[in-house]
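Dear colleague,

Please find the structure below, handed over for your work. My findings follow directly after it.

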Amino acid sequence: MSLPHAILTALLEKPSSGLELARRFDKSIGYFWSATHQQIYRELGKLEQAGLIRVLPAAAPARGQKKEYEVLPAGRAALTSWVAGADDPRPVRDPLLLRLRAAAVVGTAGLAEELQRHLDLHRCQLAEYRAIEERDFPPERDSEEDRLRHAVLRGGIGLETFWTQWLTEALTAVGEQAAGERGSGRG
């Protein structure tokens, strides 16, 4: 996924100013595709220049007024084409996994604290996702759009559930390894 596609998606959901878009990113799309406010504004300019979005005409022009953007037919077509395309899954590249592998050969000193920190962060994110699910997806909300948005959220919940389970197991393994290191005089 790329930032232009994330912006086109958000603008098709609701025409917005750059500031509103950045705030919406912080609350939704940003959970799985983050971008700084600067990146969003820069991309809005590129999308406008490419003829994929436009600034909505203001009812009464005023100095310093926020520009509100909407997607043009060419932007919708570009997003539709991208949705129908294919991308291969990306390989996992996580420094924490590499640290755990390295600990197998150099020892576990300090690793338990880092694993616990990650576990706490993933537990917080999981709780946040579950709160969003409870708030935004009651059983009566069952439109096609809601089902697809809920599927994205369920993906996030599944990933955070995986990480919390895996980190709990890894902490146990590190504790056992550390005990073995102390017993052998390595730790």
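Trp-163 and Trp-166 are both buried, where buried means under 20% relative accessible area, exposed over 50%, and partly exposed in between (1.4 Å probe, protein chains only). This is a predicted model, in which local features need pLDDT of at least 70 and side-chain atom pairs count only at pLDDT 80 or more, while totals for chains, interfaces and linings use all residues. Residues are numbered from 1 along each chain as its sequence is written, and side-chain values use heavy atoms, with hydrogens and water left out.

The two tryptophans, Trp-163 and Trp-166, form an edge-to-face aromatic pair, with 5.5 Å from centre to centre and 90° between the planes. Rings of Phe, Tyr and Trp (its six-membered ring) pair if their centres lie within 6.5 Å; planes under 30 degrees apart count as stacked, over 60 as edge-to-face and the rest as tilted. Trp-163 and Trp-166 are three residues apart in helix H7 (residues 144–184), and are therefore separated by about one helical turn. Helices (H or I, at least four residues) and strands (E, at least two) are DSSP runs, numbered from the N terminus. Ring pairs also bring in Phe-162, which forms a cluster with Trp-163 and Trp-166.

The whole structure holds three aromatic pairs. One of them is edge-to-face because the rings of Tyr-31 and Tyr-129 have their planes at 80°, with centres 5.3 Å apart. This pair links distant parts of the chain, 98 residues apart: Tyr-31 lies in the loop between helix H2 (18–27) and helix H3 (37–49), and Tyr-129 in helix H6 (residues 111–136). Tyr-31 is partly exposed, at 27% relative accessible area, whereas Tyr-129 counts as buried, at 7%.

A charge also sits over a ring (NZ of Lys or CZ of Arg within 6 Å of the ring centre and within 35 degrees of the ring normal): Arg-141 lies over the face of Phe-137, 5.6 Å from the ring centre.

Turning to the sheet, three strands form an open sheet in the order E1-E3-E2, with antiparallel pairing; two strands pair if DSSP finds at least two bridges between them. Strands E1 (16–17) and E2 (53–55) are at the edges with a single partner strand each, so one side of each has no neighbour in the sheet. E2 is joined to strand E3 (residues 68–71) by three bridges, and Arg-54 stands opposite Glu-70 in E3.

Overall, the protein chain has seven helices and three strands. Its C-alpha trace spans about 75 × 40 × 35 Å along the principal axes.

Yours sincerely
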